[in-house]
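Student: I have just opened this entry and would like to go through it. Could we begin with the overall layout?

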Protein chains: 2
Amino acid sequence: MSKGLTAGVIGLGSMGMGVAQSLLRAGFDVAGCDPRPEVVAALAAQGGRATTTPAEAAEGATAVFSVVLNGAQTETVLFGPGGCAEAMAPGAVFVSMATLSPDLARDMAARLAPVDYLDAPISGGAARAAEGKLSVMASGAPAVFDRIGGELAAVSENLFRLGDQPGQGSSFKAVNQLLAGVHIAAASEAMAFAAAQGLDLAEVYRVITASAGNSWMFADRMKRVLDNDYRPRSSTDIFVKDLGIVLEVARTRKLPPPISAQAMQMFLMTSASGMGADDDSSVARFYARLFGVTDVIRKEGDDQ
Amino acid sequence: MSKGLTAGVIGLGSMGMGVAQSLLRAGFDVAGCDPRPEVVAALAAQGGRATTTPAEAAEGATAVFSVVLNGAQTETVLFGPGGCAEAMAPGAVFVSMATLSPDLARDMAARLAPVDYLDAPISGGAARAAEGKLSVMASGAPAVFDRIGGELAAVSENLFRLGDQPGQGSSFKAVNQLLAGVHIAAASEAMAFAAAQGLDLAEVYRVITASAGNSWMFADRMKRVLDNDYRPRSSTDIFVKDLGIVLEVARTRKLPPPISAQAMQMFLMTSASGMGADDDSSVARFYARLFGVTDVIRKEGDDQ
């Protein structure tokens with residue numbers, strides 16, 4: 001049953017489609033937009049409304065969810081030709097879910113005023129997006145959280161309210177991505193190190209996930225390495241982007257984060273080796289080449 | 001009630017004392033040895049037997065637990081003057097619990113034969129040692145595990161049987177320590193990065209421990225940073241040693257582990273800054289100096 005409220009969703013990739021589906025399920029009218037006509041048609045087939053520009057999707061919406069890849073795309077969605085800013089009126093809220101730099105979030109929020117901007121990067125992956133169970137690291141004016149509380153509840157399981165200024169949510173997300181990126185690289189280094197010592201990797205997985213060396217990323221990503229399954233749930237190049245944001249924030253503030261900087265190099269080496277579009281657990285495949293254990297850690301079809 | 005079986009415990013620091021207490025509680029006669037007379041006396045007061053050399057503690061014991069700091073101490077305990085090797089007869093088992101290199105474990109096992117050597121590095125900290133709930137990453141002949149099953153059950157909650165050759169247990173431990181060391185350094189870098197962006201660290205802790213950036217070490221060690229509590233549960237210099245083993249194994253096998261190598265530098269910088277004997281979470285205090293946030297991350301009494 002429709003609530004008579006319209007939400008816009010810009011970007012209908014695996015995450016954005018999940019956001020749109022969750023809003024539909026909660027009774028919102030959903031207008032969606034994406035450069036790929038086939039995903040827009042897929043949304044329409046599920047009861048959403050197809051539109052051709054961000055402005056059209058934003059027209060009359062109480063909340064517009066931007067679920068695109070990065071800061072540059074977000075800026076285009078907002079301020080490019082046919083962008084949301086043309087169509088949004090005060091009272092509406094632009095919810096930016098991409099991982100982007102805190103400075104850019106502050107800048108876009110200032111440019112969009114008096115229309116409200118919620119700085120709301122997400123994590124959780126496609127499956128949780130489809131279930132309306134994303135984690136959202138959000139900051140913005142308290143009144144904004146209240147005004148679109150129903151929309152936010154429809155898409156999220158954990159809604160962290162992290163401050164009343166845009167930028168704070170993105171700062172928290174950058175801290176999380178610093179750790180997540182380093183942990184993927186460290187997990188990959190550890191698995192290749194184990195393989196080079198002749199250890200059984202399934203046994204390594206069992207021992208480490210029950211020990212003090214465990215991380216959320218080790219448990220999640222190294223399962224894929226055991227399964228030789230490198231289909232991209234989240235690609236190597238996404239972390240090249242996200243660690244890039246971490247290092248940009250650090251450089252801007254004149255901070256030296258040596259571990260993150262080193263982890264970035266490992267993602268870049270993995271991408272440069274032709275695995276940029278593969279799952280980010282492919283960092284382990286790059287380490288396998290470096291450590292001479294491609295007989296153990298490899299994707300079917302890889303050269304050994 | 002005594003089982004009529006004697007176990008020796010060499011090294012009565014916080015971990016060794018916990019091992020000895022767990023064996024006493026399980027009904028073993030325990031002979032203990034340590035260079036510090038006061039801790040030997042403390043064991044005697046709890047029903048153990050005081051001895052003055054490793055050989056004396058090992059005399060007649062079915063199992064001798066060596067709970068010392070490192071490989072060099074283990075070698076002295078075994079083969080130095082008054083060492084265990086002088087007193088142990090075939091049928092007895094030397095259980096080496098220190099974190100040391102797999103090559104050294106193999107070497108000592110070969111020198112000790114025909115007396116059995118169990119390669120059994122531990123983790124879990126002093127509290128779990130006292131409760132008989134250590135995690136043990138063990139390898140050695142299957143018959144050895146059976147012969148001292150009661151002793152091992154008395155001291156451990158998780159007994160990982162990781163192979164039938166000494167060295168394999170230490171290889172698993174090295175993999176764990178690689179991850180643990182990198183995660184402490186990464187957690188410290190992330191907390192200082194958050195502080196430099198003006199984020200509230202208690203909120204960072206709450207968000208990260210519920211997110212994909214979490215690690216066992218982040219949750220454990222960063223709690224100490226929030227509490228400004230740097231009393232050494234495990235010191236910075238212990239990780240200088242343990243990452244040293246990781247890098248030695250890697251160098252010996254001609255493997256380049258860049259993230260571990262960078263993490264090692266952070267522990268060395270922390271130690272060189274005078275915090276080697278402080279808790280290993282003090283890496284965050286070193287980062288605080290590097291990032292200019294000693295007003296947020298500091299030990300009482302530190303210069304700001």
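Student: Into which domains is chain A divided?

Tutor: Chain A is divided into domain 1 (6–165) and domain 2 (171–291), with bounds from an automatic or database domain assignment. This is a predicted model, in which local features need pLDDT of at least 70, side-chain atom pairs count only at pLDDT 80 or more, and totals for chains, interfaces and linings use all residues. Residues are numbered from 1 along each chain as its sequence is written, while chains are lettered from A and ligands numbered from 1 in the order in which they are written.

Student: How far apart do the C-alpha centres of the two domains of chain A lie?

Tutor: Their C-alpha centres lie 29 Å apart.

Student: And how many residues are in contact there?

Tutor: Eleven residues of domain 1 of chain A are in contact with 13 residues of domain 2 of chain A. Two residues are in contact if their C-beta atoms, placed from the backbone, lie within 7 Å.

Student: Turning to the two chains, how many residues does each give to the contact?

Tutor: Chain A gives 52 residues and chain B gives 52 residues.

Student: Which element gives the largest share on the side of chain B?

Tutor: That is α9(B), with 16 residues. Helices (H or I, at least four residues) and strands (E, at least two) are DSSP runs, numbered from the N terminus.

Student: What classes of residue make up that side of chain B?

Tutor: The side of chain B that touches chain A has 35 nonpolar, 14 polar and three charged residues. Ala, Val, Leu, Ile, Met, Phe, Trp, Tyr, Cys and Pro count as nonpolar, Asp, Glu, Lys and Arg as charged, and the others, Gly among them, as polar.

Student: Now the helix packing: at what angle do α13(B) and α14(B) pack?

Tutor: The angle is about 85 degrees, and their axes are 9 Å apart. Axes are lines fitted to C-alpha atoms, for helices over the stretch in contact, and angles run from 0 to 180 degrees between N-to-C directions. Therefore α13(B) is roughly perpendicular to α14(B), a term for angles of 65 to 115 degrees.

Student: Which residues make that contact?

Tutor: From α13(B) they include B:Met266 and B:Phe267, and α14(B) contributes B:Val283, B:Arg285 and B:Phe286. The residues of this contact divide into six nonpolar, two polar and one charged.

Methods: Angles under 35 degrees count as roughly parallel, over 145 as roughly antiparallel, 65 to 115 as roughly perpendicular and the rest as oblique.
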